[in-house]
Amino acid sequence: MICQKMLELGKNKSQMRELFEYGLAQAAVVGKENVFDFSIGNPSVPPPDAVGDAFVEVLNEPPLKTHGYTPAVGCDEARDAVAKHLSKLLGRKFSRRNIYITCGAAAAVMASLKGLCIDHETEFIVFAPYFPEYRCYVESAGAILKVVPADTDDFQINFDALEKAISPHTQGVIVNTPNNPTGAVYKKDVLMRLGDLLRAKSKEYGHTIYIISDEPYRELVYDNIEVAFVPDYYEDTIVCYSYSKTLSLPGDRIGYMCVPDTMHDFDEVCWATAGAARAMGYVCAPAIMQKVIARCADVPANLAVYAHNRKLLYEGLTNMGYDCVYPDGAFYLFVRAPWGTAKEFCACAKKLNVLIVPGDDFGCPTHFRTSYCVNPDTIERALPLFEQLIANAPDGSDKV
Ligand code: PLP
C-alpha cells in the first residue's frame, strides 16, 4: 500500500506545469519560436549583475565554509542582512530573531500552515482567484481549504463572503498581494478592514486567526504603486517572501519567513513554524544562496521588461475586446474568456500553440491567466493569434 493522497498529487500535475511541459515537447516538433508559452511564472530577465558577482565571491570562499550545513533558521549573515533591509524599507525595527531563511516562498507558506494547523478540522481561507498550490499546501498540512469567491470587478476582497467563510475552526487567512494570477495589489483600506474583521473574529472565537502573507511579488509593482506591508495592518501576520521572482532565482530556492515582534504568541509561532520545517525535512536553505542573499538583500528587481510587456499585452488584448483588470503588480494578466468557458477557450488557444492557463484551478473558471514574463517578441507575434481566437467563437458558444 502507498499513500493515495500523495499518489494523486504526484500523478496529477498542476495545469500550469502540464502546459509548460507540453510547450517544451511541442517546441521540439514545431520549433521553439512557434510556441507562445504564457503558462508559468518563470522570470524572463536574468538576475541582476550584483547577484552574479556575489555568486563568484561566495564560490571563492573556503569550500568548507560555503557548502556546510547552516543552522536550520539560516546563517547569521543572511538573517542580519534581511532584517537590516526590512528595517530600512519599512521604517520598523527587525532583527535576526524575526527571520527564518527558507527554500523560497513555497517552503515558508508550507511551514506556516503546518505550524498553525491544530487538527483535521482546522481551516485556512483563501481568496479566489488564488495560487493553485495553496490547495496542495493546506491539505498536506492536514487542514481544510475554504475559498472566498472572487470579486471580479477589481479583485480586491469580497468581505461579505469572507465574513460568512470564517468559522470557529478558522486558523488563518492566506493573503497574496501583489497577486498571482490577477496582478492586483490590495489597497490600504482593504487591509485595514481585513485587520479589523480578523481582530473582531479572533476575539469572538477566543483564539488568534493568523494572516499568512505570501509575498513573492512584493517588489514587482509598476507606476510607483506602494505595496502596503500587511503586518502594519494586522499584528498576527507571518510574512513569506521569496527571491524567485524579484531577483530571478526560482531554481535556487531561497526566501524567508518573517515573524514580526507584534505577533502575540511570538515565541510559540516561531517554534511551531521551525518545528514544522523540521518535520518536513527542510534541514536548511542552500548555504551558497544564503551567502548570496547576505550580499544582495538590497538589490532592486529589474522591472523594465515586465513594465513594457504589461502595457503591450494589456493594450493589445483590450483593444481587441478582451476584458481584464490592468494589473498593478506581478507579471500576469487575468483575462475574462471572451466566449465559452475558459477551459474551452484555452483548449482552442493550445491548438494554435498559444499556452494560457484556464482559471479553474485558481478558483475562477470564467478567466484565464497569461504570464507576461516572456520575451516581448513572443507577445508581439502572439497578438494576431489572440485576435484570431476572439473572432473564432465556435458555433453555439456563448459570447461574453
Ligand atoms: N506563492 C505564489 C503566489 C507564487 O506565485 C509562487 C510561485 O509562482 C510561490 C508562492 C512559490 O514561490 P517560490 O519559488 O518562492 O517557492
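Predicted model: local features only at pLDDT ≥ 70, side-chain atom pairs only at ≥ 80, totals over all residues.

**Ligand site**

I began at the ligand, where a backbone N or O atom of A105 sits 2.7 Å from one of the ligand's oxygen atoms. I took a polar contact to be a pair of N or O atoms within 3.5 Å; within protein, one must be able to donate a hydrogen and the other to accept it, and residues adjacent in sequence count only if both atoms are side-chain atoms. A polar side-chain atom of Y217 is 2.6 Å from an oxygen atom of the ligand. For S244, I found an N or O atom of the side chain 2.8 Å from a ligand oxygen. There are 14 residues around the ligand, and A105, D214, Y217, S242 and R253 come nearest; to be near, a residue needs a heavy atom within 4 Å of the molecule.

**Ground rules**

Residues are numbered from 1 along each chain as its sequence is written, and side-chain values use heavy atoms, with hydrogens and water left out.

**Pockets**

Next I looked for open space, on a 1 Å grid over the protein atoms alone: a pocket is an open set of points with protein on both sides within 12 Å along at least five of seven lines, a cavity is a set where a 1.4 Å probe fits but cannot get out, and lining residues have an atom within 4 Å of a point. Points are joined across faces, edges and corners, and a volume is the space filled by probe spheres set on them.

The largest pocket came out at about 1000 Å³. I counted 38 lining residues, with S14, M16, F131, E133 and Y137 nearest the centre. Two or more lining residues come from each of α1 (4-11), α2 (15-30), α6 (104-116) and α7 (133-140); helices are DSSP runs of H or I with at least four residues, strands are runs of E with at least two, and both are numbered from the N terminus. The top contributor is α7, with six residues. Both domain 1 (4-47 + 302-391) and domain 2 (49-296) give at least three residues to this lining; the bounds come from an automatic or database domain assignment.

By class, I noted 16 nonpolar, ten polar and twelve charged residues in this lining. Here Ala, Val, Leu, Ile, Met, Phe, Trp, Tyr, Cys and Pro count as nonpolar, Asp, Glu, Lys and Arg as charged, and the others, Gly among them, as polar.

I stopped at S14, in the loop between α1 and α2. Is S14 buried or exposed? S14 counts as buried because its relative accessible area is 16%, and buried means under 20%, exposed over 50% and partly exposed in between (1.4 Å probe, protein chains only). Its side chain reaches the backbone nitrogen of R17 at 3.1 Å.

The second largest pocket holds about 510 Å³. Its lining has 18 residues, with K32, V35, D37, V374 and T378 closest to the centre. Helix α2 turns up again, giving the largest share with four residues.

**Cavities**

How many cavities of 30 Å³ or more does the whole structure hold? My search gave two. The largest cavity has about 110 Å³ of space, and among its 15 lining residues F127, A128, P129, N179 and Y186 lie nearest the centre. Its lining is ten nonpolar, five polar and no charged residues.

The second largest cavity has about 60 Å³. Strand β2 (residues 99-102) gives the most to its lining, with three residues.

I returned to P129: the peptide bond from A128 to P129 is cis, with omega near -10 degrees. P129 sits in the loop between β3 (123-127) and α7. The bond from T177 to P178 is cis too, with omega near -10 degrees.

I also logged positive phi values in residues other than glycine. D223 has phi near 55 degrees and is exposed, at 56% relative accessible area. A330 has phi of about 60 degrees, and A330 counts as buried because its relative accessibility is 0%.
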